[in-house]
Amino acid sequence: MTGIMAFFRAGFLRTIGVSVVLTAGLTAVSACNPIDEKVCSSGSYPVKDKGDGPGQTCVKSGDPIPSGYTTYAPGQTPTTP
């Protein structure tokens, strides 16, 4: 009986180990793929906070940029499909 229990215990531990490795691998791969999101609606553009914060808002085309915000550098504008 001990041999059968050891066999099943080893199988269980192997399954857990493989699951952990696969989960870690899939997490790493998914983190590398950027998600294209529409940041602002049509007729507006994104601006970012001048400070260190991740603050961002949308400004209607033709309106001035709000105080404390700036435009993104060329090539760094968030994806707006």
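Predicted model: local features only at pLDDT ≥ 70, side-chain atom pairs only at ≥ 80, totals over all residues.
The protein contains 1 helix and 3 strands, and along the sequence they follow the pattern α-β-β-β.

**The sheet**

The 3 strands form an open sheet in the order β2-β1-β3, and the pairing is antiparallel. The edges of this sheet are β2 (56-60) and β3 (69-70), each of which pairs on one side only. Strand β1 covers residues 44-49 and pairs with β3 over 2 bridges, in the antiparallel sense. The pairing of β1 with β2 is also antiparallel and runs over 5 bridges.

D49 stands opposite Y69, a residue of β3. P46 stands opposite C58, a residue of β2. In a regular strand, side chains alternate between the two faces of the sheet.

Between β1 and β2 the chain passes through a loop, and G51 lies in this loop. Where does G51 stand in relation to Y69, in sequence and in space? The two residues are 18 residues apart in sequence, and their C-alpha atoms are 8.4 Å apart in space. G51 counts as partly exposed because its relative accessibility is 42%, a value between the limits of 20% and 50%.

**The disulfide**

How many disulfides does a search of the whole structure find? The search finds 1 disulfide. The bond is formed by C40 and C58, with their sulfur atoms 2.0 Å apart. This pair links distant parts of the chain: C40 is in the loop between α1 and β1, while C58 is in strand β2, and they are 18 residues apart. The torsion about the S-S bond is about -90 degrees, so the disulfide of C40 and C58 is left-handed.

Are C40 and C58 buried, partly exposed or exposed? C40 has a relative accessible area of 5% and is therefore buried, as the limit for buried is under 20%. C58 has a relative accessibility of 36%, so C58 counts as partly exposed.

**Accessibility of the named residues**

The table collects the residues discussed above whose accessibility is given.

| Residue | Relative accessible area | Class |
|---|---|---|
| C40 | 5% | buried |
| G51 | 42% | partly exposed |
| C58 | 36% | partly exposed |

**The protein as a whole**

The remaining values describe the entire chain. The protein has 81 residues, and buried residues make up 7% of them. C40, with its 5% relative accessible area, is one of the buried residues. The protein exposes about 6500 Å², and carbon and sulfur atoms supply 62% of this area. Among the contacts with a separation of 6 or more, 26% are between residues 24 or more positions apart.

Note on methods
Residues numbered from 1 in each chain as written. Heavy atoms only, no water. Pairing = 2+ DSSP bridges. Helix = DSSP H or I, 4+ residues; strand = E, 2+ residues; numbered from the N terminus. Buried < 20%, exposed > 50% of the residue type's maximum accessible area, 1.4 Å probe, protein only. Disulfide = S-S within 2.5 Å. Contact = heavy atoms within 4.5 Å. Areas by Shrake-Rupley, 256 points an atom, 1.4 Å probe, with all protein chains shown as cover.
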